[in-house]
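Dear colleague,

Please find below the structure that I am handing over to you. I would be grateful if you kept it open while you read the notes that come after it.

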Amino acid sequence: MPIESEIIVVSGLPRSGTSLMMQMLHQGGCSILTDSRREPDTDNPAGYFEYENVKRLRQDTSWLPQARGKAVKIVSQLLYDLPATEHYRVIFMERDADEVLVSQEKMLRRLNQPAVPRETMKQACDLHLQRLFEWLAQRSEFTILRVSYNHLIQTAAAEISRISEFLDGSVDVGGMSGAIDPALYRNRSPGQPD
Amino acid sequence: MGKLNLEPGLYERAVRAAASAGYSSVEEFVAHCVENEIKRQSSDEAEAHVTEQLRGLGYIQ
């Protein structure tokens, strides 16, 4: 199926690099679906690249045809709400669990929201992702590329090459590389190299 | 190893279901059912925690 007929979904847990991937696709010449309602802030200085209608996927999927040939950010838990009437190429961002949770906790503090205790959340995320990947494996409408945020920062060229191949070479790899700013890799776990 | 008592009617239905699904014994069938239920409960609880955190972060309604 041609890429123009499919919806490019950037997914993962919040703070796993989904905004970075959206920015990379944008700079790589890919059309993106965003309403820019959520403005850049200290947690995402380059912007969130979100689309408000995504939050209401369970109630309303009528906008999905507009997303064909474009990239849209959809957090992992909402993938279950995507109807089988479309085809999706999913770039699924993965990141060291401690880094994800440290980053989420910082963001929750800034938003004055409570955080689920770290260990509880770590186990919950493991189970959530395990169940999600089992489910995705049974769905023919999804094609998945798992991308490690940590590898992306450390070996950008190799990861970008995989992404470009996944998207049938429809993106400009030079443009994508330009979106990576290692200075924004702030919530680094002790085991990760500088 | 623990033992469970099942009401006779339920036991008979379990025996039939186990045979129909190809289990080698009713014990194997019951153990598998219990295992699946525990997995489902853990998974539901995990999804609830993820939902709570994602809502706080503003990613879901």
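The notes below cover the conventions, the contact between the chains, the cavities and pockets, and one further salt bridge.

This is a predicted model, in which local features need pLDDT of at least 70, side-chain atom pairs count only at pLDDT 80 or more, and totals for chains, interfaces and linings use all residues. Residues are numbered from 1 along each chain as its sequence is written, chains are lettered from A and ligands numbered from 1 in the order in which they are written, and side-chain values use heavy atoms, with hydrogens and water left out.

The contact between the chains

Chain A contributes 27 residues to the contact and chain B contributes 18, where contact means heavy atoms within 4.5 Å. Together the two chains bury about 2,100 Å², with 59% of it on carbon and sulfur atoms; buried area is the accessible area (1.4 Å probe) that two parts lose on being put together, summed over both. Of the area that chain B buries against chain A, 36% comes from Q53(B), L57(B) and Y59(B), more than from any other three residues.

Between chain B and chain A there is 1 salt bridge, that is, a side-chain nitrogen of Lys or Arg within 4 Å of a carboxyl oxygen of Asp or Glu. R131(A) and E47(B) form a salt bridge through their side chains, at 3.7 Å from N to O. On the side of chain B that touches chain A, the residues comprise 6 nonpolar, 8 polar and 4 charged. In this classification Ala, Val, Leu, Ile, Met, Phe, Trp, Tyr, Cys and Pro count as nonpolar, Asp, Glu, Lys and Arg as charged, and the others, Gly among them, as polar.

Cavities and pockets

On a 1 Å grid over the protein atoms alone, a cavity is a set of points where a 1.4 Å probe fits but cannot get out, while a pocket is an open set with protein on both sides within 12 Å along at least five of seven lines; lining residues have an atom within 4 Å of a point. Grid points are joined across faces, edges and corners, and a volume is the space filled by probe spheres set on the points.

The structure has 2 cavities of 30 Å³ or more. The second largest cavity has a volume of about 90 Å³, and its lining includes Y51(A), K73(A) and Y59(B). That lining has 5 nonpolar and 4 charged residues, and no polar ones.

The largest pocket holds about 370 Å³ of space. Helix 2 (residues 26-57) of chain B gives the most to its lining, with 5 residues; helices (H or I, at least four residues) and strands (E, at least two) are DSSP runs, numbered from the N terminus. The lining of this pocket divides into 8 nonpolar, 1 polar and 2 charged residues.

The second largest pocket, at about 220 Å³, is lined by residues of both chains, among them Q77(A), T51(B) and I60(B). T51(B) lies in helix 2 of chain B and touches Q77(A) and I60(B), not counting residues up to four places away in sequence.

A further salt bridge

Over all chains the count is 16 salt bridges. One pairs the side chains of R89(A) and E6(A), at 3.1 Å from N to O. R89(A) lies in strand 3 (residues 88-94) of chain A and E6(A) in the segment before strand 1 (7-12), so the pair ties together parts that are 83 residues apart in sequence.

Yours sincerely
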